[in-house]
Amino acid sequence: MRYLPIVWPASAVVWSATAALVVFTGATPSVRAPIIVAFLLVCPGLALTRLLRLGDLAVELTMAIALSIALDGLVAGSLLYAGEWSPRIGFTVLLAVAVVAAAIDAARTRRVWVIDR
Amino acid sequence: MTSRTAPKALIADQAGEREDARTKGTNALRLVGLAIVVAIPPLWLLSLRDVDPRQMTDVGLVSVLPLATYALIAVLTMSFVALLAARPLSQGVVLLHVVVLAVLLYGTTSVIEEIPRFAATWRHLGITDYIMRTGQVNPNIDAYFNWPGFFVLLAFLTKNAGLGSAVVFAKWTPVFFSLLYVAPLIVIFRRATADGRVVWLAIWVFLCANWVGQDYLSPQGLSYFLYLAVLALLVRFFVNLEPGGSLRTRLRLRRNARPHQNVGPVPDPKPNLLDRMEAYVHLERPAERPAGSITPSPRPAPPETLESPLQRVGVMAAIIIVSAAMVPAHQLTPFALLAVLAALAVLGLSTARRLPVILAVLIPAWMLFMASSYLAGHFGGLASEVGDVGGAVGSSLGARVGGSPGHVAVVIGRLALTSVLWLLATAGAVRGRPRSTASLAVLGLAPFSLLVIQSYGGEILLRIYLFTLPAAAFFAAAFLVRLIDTRTVRSALAFSSALVFLLAGFLVARYGNERADLFTHSELNAVDSVYSWAQPDSVIVAGSENMPWKFKKYEEYDLEKVTDLTTWSKLAGSRDSMNRLMNQIDRLMRRPNSSSAFLIFMDSQVAEADLFGSAPRGSLARVWEAVALSPRFRAVYSSSDAAVFVPVRRDAAR
């Protein structure tokens, strides 16, 4: 039976929800900083990388972090050069990317799982 | 028949016993290795508890490190080597050794120093602060604002993290970046060899040879990770490994090859607790390995895994996005990447032939449209350096061999470390048997083409060294592993000497300028006080720019430096030359139309002037002393490390 674990998309969604919670409720920086930095450096890229099913953790880790950093930079830079500098809007965009990609991943995982069963 | 099979059975039994004994030995080694990596970090912190960085001499950090710290690094290295020599290779424990090594080598200054090191770190914090305050970039301020990608990202992270300044990230950035580099290096090296020992030793060599210190809170530190990530994805999915062999031929050969040939000892079918732990930290999914296998099968090469169009498009899109994000973040790294991509494509080693074309469009597009302010002001200078290879080499090498005797020794140490690494790498490329010599040689040679573009402020050779380091480390490791295989006393001695030399050379080469690079709280307070007193029209003079400066109000003040004054270079130790310098400082500080003036001196400036020898040793300390004794100046801030003076009104001075 091919089993594609749902733990990754579930983790991405949980982490995204936690990140959204600490940002939108204005949690103290000592709580907020590690959660947000970890989210922004890993989650958007990881959610997208998981869709490709590359099957190698080192490759996925490399691509996830590089892609997250690139997306963070491109989103923040686009807002800044558009004259609409807003870290919160940028964060929301990246949150949406992570959640949507994780949802697609979860749907695909479930489909493969159901078919295989 | 019976008489012939009996000895065979006996031999098989003996082989099985030997295998059991070997497995038991490896398990014991793994346990010892685990104990070592768990014990070393707290012991390392303890060993650094009484280090006083103020006692540092001109050879830098090595002059104050206690013997215990060296001993811990030696123990870690011995454990690593023992694990490398054991069968099967315990990759999880080896990975932990690499992580601890990165913390030890790159985190020592973070522990013993009070605030983040490097004047450039504080400038970068100031640019980030500017973006956080204004929400924009001003390309007319300086070059940083023409390639602001890193600072925009840092401002974005800092704001979303709810922090007022990015300074909290600065202290441990070298450890963070060095660990970040490990994942793409694993991908690159694992693609180039089936031998796990070469992979881990190459990473070890990389960490011991990355002395150029670009991994602080800087655009180049982050861009280097993106550079490695693009190369890793490219090498993994789009580069032909065998020189001259087409991808199709390679795939056909691989399909026909017997699976898991050259597999070493038969793995234990029942994984124990250590095995399961290994599986957790292992960098490949367990499903990819043969059932029950702990070490990765040293199969000829990972299979081509981009089976679907979605995968091919997805990976290529990721490579393009990451490359595109690098272009506005750093001036040089995209050129280095372009050189490697173009060389791979031209030599027929890469199937992603259009990728360099995309980068070749993105780089000039950014320069023409977004960095036009910088280009307009510097085009003549930049153009004049194109093709001047001799000038670029001269400014990178000749201009750096100078200063105090201690500093000259450090520079010689750097040259020796670099030469030894490149010699080992050359030997590895010629005598080793990595299967992708051509592709990795391109990674190691293509960045040298940057010499044709410019001198990069006399740093181009340092940067080229950094870009070539993955390939150099790999080939050096390929050579060194042959020494392990030889198993003679001479080869063991040669192997140990090489590792000891790399480690010792790293500590000297990387932290040789530490006396000038480190800052203290009181030095920071001195600058902070000036910021709180100064008005936009104030004159600010400092011994040199080597201080935590510009971390706020980046755009507001220009700094005048004593070491840039005409009378500084003529300071010969005589009273007359000192008076002339004092008069020039006095005139500078009494500039009409300025509401106030401040003169900042600190130990890090004195250390820098002494190390690099822009005037006789102790000159800046004598100027500081003369200012302190002069009735023309009055101290408004004074500590053991720093002082701030203001000019005394002429009527009061009389």
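What distance separates the centres of domain 1 of chain B and domain 2 of chain B, taken over C-alpha atoms? The answer is 40 Å. This is a predicted model: local features need pLDDT of at least 70, side-chain atom pairs count only at pLDDT 80 or more, and totals for chains, interfaces and linings use all residues. Residues are numbered from 1 along each chain as its sequence is written, and chains are lettered from A and ligands numbered from 1 in the order in which they are written.

**View 1. The two domains of chain B.**
Domain 1 of chain B covers 171–249 + 310–513, and domain 2 covers 519–653. These bounds come from an automatic or database domain assignment. Five residues of domain 1 of chain B are in contact with five residues of domain 2 of chain B. Contact means that the C-beta atoms of two residues, placed from the backbone, lie within 7 Å. On the side of domain 1 of chain B that touches domain 2 of chain B, there are five polar residues, no nonpolar and no charged. Here Ala, Val, Leu, Ile, Met, Phe, Trp, Tyr, Cys and Pro count as nonpolar, Asp, Glu, Lys and Arg as charged, and the others, Gly among them, as polar.

**View 2. Where chain A meets chain B.**
Chain A has 33 residues in contact with 40 residues of chain B. On the side of chain A that touches chain B, the elements giving two or more residues are α2 (29–50), α3 (57–81) and α4 (87–116) of chain A. The largest share, 17 residues, comes from α3(A). By type, this side of chain A has 25 nonpolar, five polar and three charged residues.

Chain B has 26 helices and five strands. Helices (H or I, at least four residues) and strands (E, at least two) are DSSP runs, numbered from the N terminus. Of the 654 residues of chain B, 47% count as buried. A residue is buried if 20 or more other C-beta atoms lie within 10 Å of its own, exposed if 12 or fewer, and partly exposed in between; C-beta atoms are placed from the backbone. Helix α8 (residues 196–209) of chain B has 14 residues. From first C-alpha to last, α8(B) reaches 20 Å, close to the 20 Å expected at 1.5 Å a residue. That expected span is 1.5 Å times one less than the number of residues. In α8(B), 14 of the 14 residues are buried, so the helix is largely enclosed by the rest of the structure.

**View 3. The sheet of chain B.**
Five strands of chain B form an open sheet in the order β2-β1-β3-β5-β4, with mixed pairing. Two strands pair if DSSP finds at least two bridges between them. The edge strands are β2 (559–561) and β4 of chain B, and each pairs on one side only. Strand β1 (residues 539–542) of chain B runs parallel to β2(B), joined by three bridges. Ala542(B) stands opposite Lys561(B) in β2(B).

**View 4. Strand β5 and its partners.**
Strand β5(B) is mostly covered, with five of its six residues buried. Strand β3 (residues 597–602) of chain B pairs with β5(B) in the antiparallel sense over four bridges. In β5(B), Val644(B) is the bridge partner of Ile600(B). Strand β4 (residues 633–638) of chain B also pairs with β5 (residues 642–647) of chain B in the antiparallel sense, over five bridges. The bridge partner of Arg634(B) in β5(B) is Val646(B). Three residues lie between β4(B) and β5(B) in this hairpin.
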